Amino acid sequence: MSEIMWAVDVEGSGKSPPEIVELAIAEMEGLTLTGRSKHWRFRSKNGISPIASRIHGIWDEDVGDAPEFEDVVDDVLLWLEDKPIVGHNVKVEVDILSQALEGWKPAAAYDTLKIARRLLPAEEKHGLEHLGSKLGLSLEAGKITGGKAHSAPYDAVLSALLLDHMLRDQTEHDRRSILADADILVSAQGSLL
C-alpha cells in the first residue's frame, strides 16, 4: 500500500456559520508520514468564540493579520488535490472543507475513529487525545509538530500516527478492507442507495 494520502485537521471559529481558522495537512505515503506538510491560519469574518479559543488556543488577535480562507482557496486546493484524506472523525473535515472549497471532493475520507472503534473495542474512550496518550503516540506528534492537542498540525499528525499504529501489523488485504470500511464517502453513498 503506497497510496499518497493527506492527514487533515481543521480548527473552527465555534460560531454559526462555522469558519475555518486553522487547517493543517500532513502527507502520508502508505502509512508513513513523508515529512511534507502545510499549515494555514485564517482570520474569521465573524470572530472566534471564546469557547473555541479555549479549546484550540487561537484567539482573534492571533489571526488578525492572517488572510481570510477565501484568499488562499487556490493554494489549499493545489495541496489537497483529489487525494484521499485521513482524520479522526473526518466527517467534520469533509463537511467544512466541502462547504469552503466549492467542487472539492477527496478520493476517499478514512476515519481513524471508525477504525479505532473496530480494532480497539476494549478501549473505554476512542477520542484522539485519549488514544494518543494511551498508545504512546502523543509525544511523537508533539516532537514532529512542536504543538499540542487541539492544534491542527498536532491533530493531523497524531491521526496519521494512529492510523499507522492500528494498521501496521495488518496484512495488506486486511488494511485495504479496513480502510474501505472506514471510508465515510463510501458509507455515506451506500446509505443513500
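Visitor: Is the crossing of H6 and H7 right-handed or left-handed?
Guide: The crossing of H6 and H7 is right-handed in this predicted model. Here, right-handed means that the near helix is turned clockwise from the far one by less than a right angle.

Visitor: Which residues make the contact of H6 and H7?
Guide: H6 brings Ser138, Glu140, Ala141, Gly142, Ile144 and Thr145. H7 brings Pro153, Tyr154, Val157, Leu158 and Leu161.

Visitor: How many of them are nonpolar, polar and charged?
Guide: Seven are nonpolar, three polar and one charged. Gly142 is part of the contact, and Gly counts as polar.

Visitor: What makes H4 oblique to H8?
Guide: The angle again. H4 (residues 112-119) and H8 (residues 172-182) pack at about 120 degrees, with axes 9 Å apart. Roughly perpendicular ends at 115 degrees and roughly antiparallel begins over 145, so the pair counts as oblique. The crossing of H4 and H8 is right-handed.

Visitor: Which residues of H4 and H8 meet?
Guide: From H4 come Lys114, Ile115, Arg118 and Leu119. From H8 come Ser177, Ile178, Leu179, Asp181 and Ala182. By class, five are nonpolar, one is polar and three are charged.

Visitor: How do you know that the radius of gyration agrees with a compact globule?
Guide: Set the value against the rule. For 193 residues, a compact globule would have a radius of gyration near 16 Å. The protein chain has 16 Å, so the value agrees. Along the principal axes, the C-alpha atoms fill a box of roughly 50 × 40 × 30 Å.

Visitor: What share of the residues counts as buried?
Guide: The share is 47% of the 193 residues. The cut-off for buried is under 20% relative accessible area.

Visitor: What share of the contacts with a separation of 6 or more joins residues 24 or more positions apart?
Guide: Such residues account for 61% of those contacts.

Visitor: How many helices and strands does the protein chain have?
Guide: There are nine helices and five strands. From the N terminus on, the order is β-β-β-α-α-β-α-β-α-α-α-α-α-α.

Notes
Residues are numbered from 1 along each chain as its sequence is written. This is a predicted model: local features need pLDDT of at least 70, side-chain atom pairs count only at pLDDT 80 or more; totals for chains, interfaces and linings use all residues. Side-chain values use heavy atoms; hydrogens and water are left out. Axes are lines fitted to C-alpha atoms, for helices over the stretch in contact, and angles run from 0 to 180 degrees between N-to-C directions. Helices (H or I, at least four residues) and strands (E, at least two) are DSSP runs, numbered from the N terminus. Angles under 35 degrees count as roughly parallel, over 145 as roughly antiparallel, 65 to 115 as roughly perpendicular and the rest as oblique. Contact means heavy atoms within 4.5 Å. The radius of gyration is taken over C-alpha atoms; the globule rule is 2.2 Å times the number of residues to the power 0.38. Buried means under 20% relative accessible area, exposed over 50%, partly exposed in between (1.4 Å probe, protein chains only).
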